[in-house]
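Hi there,

Here is the structure I promised to pass on to you. Could you open it alongside this email while you read?

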Amino acid sequence: MTTVMLVDDSATMLMSLKAILTKAGYAVETAGHGKEALDKLGKGVKPNLIISDVNMPQMDGITFAREARKAPGMRFTPILMLTTESEATKRAEAKAAGATGWLVKPVGPDQLLGVIKQVLPGA
Amino acid sequence: MPSLLRRLSPATAAPEEQSVRPDAVATALDPVPAYCDVVDGHVHDVIAQTDEAATAIIQQLVKVDSLAEVMAGDVAQLAGTLGRTETELSQVSSSNDQLVGRLISYFLHRDQQIRALVDQMRELDQHVKQIEEVSRATNILALNAMIEAVRAGEAGEGFSVVADEVRKLAHRSAEAAHGIGSSIGDLTARLDAVLSDDSQFDREQEIPQTNEETAMTRRLGGIANAQREMSELVAGILKDTVNAADQVQRSSAALTTETTGAVGHVQFQDITRQMLEHVAEAVVDVRRQSEDVVAYARGGLTEEELMSRVISVEALRAKHVMSRQRSTHAAQTGGPAHADAEPLIELF
């Protein structure tokens, strides 16, 4: 089963996205911020895709994306940034950090699942 | 110190002769931190309430979605069972039709054989009548022979005995022929009754009769018709139920699509939360600045320290992360409206 890791400091967002992805047939791992997500990767969790918020406490999404790329087996795993942030400079930072895409909230379920199909064509 | 206070409040600057009273400014600003704390408390209360409401909404939607899926599964199972029942009923009905058809054929064939037998027996009746005729003629001949034997006198005595025996034989032959004829008549009457039995059952059913039909074949035809009508009725009910089940399945699928969409819309709470958190941060800035002014007025802060911490609308703008926040900012300050050129979804 394809596993998606959700990283967001909003419990509401985690719950909402988890409901959408679970219904679509994905297994879901959640983390409340970048550091927690990084810890999970360090403990052997190997998601097929990561969807991360940008503005989070402890470790923001862009730093997390940069660090996640260094984790074993995560070099080519798609990382989508899902955020309210619309500043172009932040987007460029995320791209440089290794993010695969940038999605501005709110994103409809169909749009989100469509993007996932694009970055995970076989899933 | 007074000159700075005048600069900070140009709109309320006092005339030259009016002296600025720093203590009054500090006293006037004293309630601002508490005021800001209350506003901050309200903002965070709204955040907590919307968070709680959004969580409850998602939980309810997930539950509704789950129930809709269970219902769709149950209905699909029911529709499958009904579909199979409809097929089986159709097969049973067809099988019954074939069975009744074979029975009707069997009875028609049997009836034809009985009719042929009756016809043959009626032909036997003709032969019996011929035997009776022969017996009568033989009896007359025997009587004539006896008369002739009496005329012949002593010479005819032997012949008279033979003639009497012939008469007796003729009589017995006539009796036997009559018995056979009666038996044949009785048998043919009974077989006719079997073929043309018109019972109360047939009259009640008002089944049309044809020349080839008998009571049994008419009954079988009636049973077949009744069974066919019942099958068609049940099949119609099953079909309607299957259609209703399909409709429920489609409605359930539409409902789960709607609930998923609704779950997606709950992202509004996260966006609202972030906007309110920025408002709360701005309130904290106002609070701090009021404290700084009070401290300056009371000599606890230098002018340089105060001015280095003064809040600005431009600094507030720099904290915005959303396009909507920047648009609102521009609308309030009269600045240029900010339009994001970047797409909402972009794959690098």
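A helix here is a DSSP run of H or I with at least four residues, and a strand is a run of E with at least two, both numbered from the N terminus. Thr256(B) lies in helix 6 (residues 215-265) of chain B. Please keep in mind that the model is predicted, with local features needing pLDDT of at least 70, side-chain atom pairs counting only at pLDDT 80 or more, and totals for chains, interfaces and linings using all residues. Residues are numbered from 1 along each chain as its sequence is written, chains are lettered from A and ligands numbered from 1 in the order in which they are written, and side-chain values use heavy atoms, leaving out hydrogens and water.

Back to Thr256(B): its relative accessible area is 10%, so this residue is buried (buried means under 20%, exposed over 50% and partly exposed in between, with a 1.4 Å probe and protein chains only). Apart from neighbours within four places in sequence, Thr256(B) is in contact with Lys23(A), Asp65(B), Ala68(B) and Glu69(B) (contact means heavy atoms within 4.5 Å).

Elsewhere in chain B, Gln60(B) sits in helix 3 (residues 31-151) and is partly exposed, at 48% relative accessible area.

Now for the aromatic rings. The whole structure holds one aromatic pair over all chains. Tyr106(B) and Phe107(B) have ring centres 5.1 Å apart and planes at 75°, so the pair is edge-to-face (centres must lie within 6.5 Å, and planes under 30 degrees apart count as stacked, over 60 as edge-to-face and the rest as tilted). Phe107(B) counts as buried because its relative accessibility is 14%.

On to chain A, which has five helices and five strands in the order β-α-β-α-β-α-β-α-β-α. Of its 123 residues, 53% count as buried.

Helix 3 (residues 61-68) and helix 4 (residues 88-97) of chain A pack at about 15°, with axes 8 Å apart. They are therefore roughly parallel (under 35 degrees; over 145 is roughly antiparallel, 65 to 115 roughly perpendicular and the rest oblique). Ile62(A), Ala65(A) and Arg66(A) in helix 3 of chain A meet Lys90(A), Glu93(A), Ala94(A) and Ala97(A) in helix 4 of chain A.

Best wishes

Conventions. Axes are lines fitted to C-alpha atoms, for helices over the stretch in contact, and angles run from 0 to 180 degrees between N-to-C directions. Rings of Phe, Tyr and Trp (its six-membered ring) pair if their centres lie within 6.5 Å; planes under 30 degrees apart count as stacked, over 60 as edge-to-face and the rest as tilted.
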